[in-house]
Amino acid sequence: MTNWEKDAIQFREDLDLGVFSRRHDLQDWEAWFAPYDDAIYKFVVERLHPDDVLLDIGAGDFRLAAAAAPRVKRVYAIEVFPELVATFLQQAGTELPRNLQVICANALDFPFPADVTVGVLLMRHCQHFATYYQKLTSIGAQRLFTNARWHMDSEEIDLTLKRFDFDKAPDGWYACACGTVGYKESSTDNNIPAAGAIHEVKNCPHCLATKEIHKW
Ligand SMILES: C[S@@+](CC[C@H](N)C(=O)[O-])C[C@H]1O[C@@H](n2cnc3c(N)ncnc32)[C@H](O)[C@@H]1O
């Protein structure tokens, strides 16, 4: 057991994480806090611009939000788990940066502020990617840093890109606005997927199967 696991609230005997998850419509491992490798936070922080307004969705112990605050105009950091929020605020005390706004709420319910330019969704087990994607694009956010689509890899998504409908996309790797990734192969040859550009698409086979047709 690592140090953070020893102290992790999820492992506390008096806590029924299932009840909490169901109340908040969180599925799979979504309600679990676990930090990632430092390289992931570095990947995000190094790509921020001084005039960015960042929205951190599922801020965990706020390590990314705190590292980002000195580098951007403003950070909104939303975390659903009250004890993570309380612990961070207690630790920060009066040192809490003025431009770091801590929000204890469910990001599925919370209206995203209109001035956000960049979203951060570091949540490998995210089951609501499409909802967050839609909420960010509807307020005009321009970029999204996430590991929710490729899981072991992080990416910067250009939210302003025009997306191909899946059936019009060229063969090759694709990443959909619903969060699904895969390899499109129209020919019947069983070739090993080639590396190359990843096509940003909408309305992929998963969207069609779940009848979630999007106008993205
Ligand atoms: C795997 S942890 C990652 C935390 C943080 N993003 C990081 O990279 O250090 C995911 C976090 O997202 C939070 N979370 C999941 N769904 C959420 C939601 N709908 N609204 C707010 N927070 C959420 C969980 O409580 C957990 O703390």
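In the hairpin of β8 and β9, which residue takes a positive phi, and how many residues are between the strands?

Analyst: This is a predicted model, in which local features need pLDDT of at least 70 and side-chain atom pairs count only at pLDDT 80 or more, while totals for chains, interfaces and linings use all residues. Residues are numbered from 1 along each chain as its sequence is written.

The residue is G179, with a positive phi near 110°, and the hairpin has four residues between its strands. Strand β8 covers residues 172–176 and strand β9 covers residues 181–184; the two run antiparallel and are joined by four bridges. Two strands pair here if DSSP finds at least two bridges between them. Helices (H or I, at least four residues) and strands (E, at least two) are DSSP runs, numbered from the N terminus.

The wider setting is as follows. The protein chain is divided into domain 1 (3–160) and domain 2 (162–216), with bounds from an automatic or database domain assignment. Between the C-alpha centres of domain 1 and domain 2 the distance is 27 Å. Seven residues of domain 1 are in contact with seven residues of domain 2, where contact means that the C-beta atoms, placed from the backbone, lie within 7 Å. On the side of domain 1 that touches domain 2, five residues are nonpolar, one is polar and one is charged. In this grouping Ala, Val, Leu, Ile, Met, Phe, Trp, Tyr, Cys and Pro count as nonpolar, Asp, Glu, Lys and Arg as charged, and the others, Gly among them, as polar.

Helix α6 (residues 129–138) has A130, Y132, Y133, K135 and L136 buried. A residue is buried if 20 or more other C-beta atoms lie within 10 Å of its own, exposed if 12 or fewer, and partly exposed in between, with C-beta atoms placed from the backbone. The cover over the buried residues of α6 includes β1 (53–57), β4 (118–121) and β5 (143–146). After α6 comes G140, which has a positive phi near 85°.

Positive phi also occurs in residues other than glycine. D25 has a phi near 60° and sits in the loop between α2 (17–23) and α3 (38–45). D25 has 12 other C-beta atoms within 10 Å, so it is exposed. F62 has a phi near 70° and lies in the loop between β1 and α4. F62 has 24 C-beta neighbours inside 10 Å and therefore counts as buried.

The ligand is surrounded by 22 residues, of which the closest are G58, G60, V80, A107 and L122; a residue is near a molecule if its C-beta atom, placed from the backbone, lies within 6 Å of it. The elements giving two or more residues to this shell are α4 (63–68) and β2 (74–79). The shell is made up of 16 nonpolar, three polar and three charged residues.

Taken whole, the protein chain has seven helices and ten strands. Its radius of gyration, taken over C-alpha atoms, is 18 Å, close to the 17 Å from the globule rule for 216 residues, so the chain is as compact as a globular protein of that length. That rule is 2.2 Å times the number of residues to the power 0.38. The C-alpha trace spans about 60 × 40 × 30 Å along its principal axes. Of the 216 residues, 31% count as buried.

Note on methods. Two residues are in contact if their C-beta atoms, placed from the backbone, lie within 7 Å.
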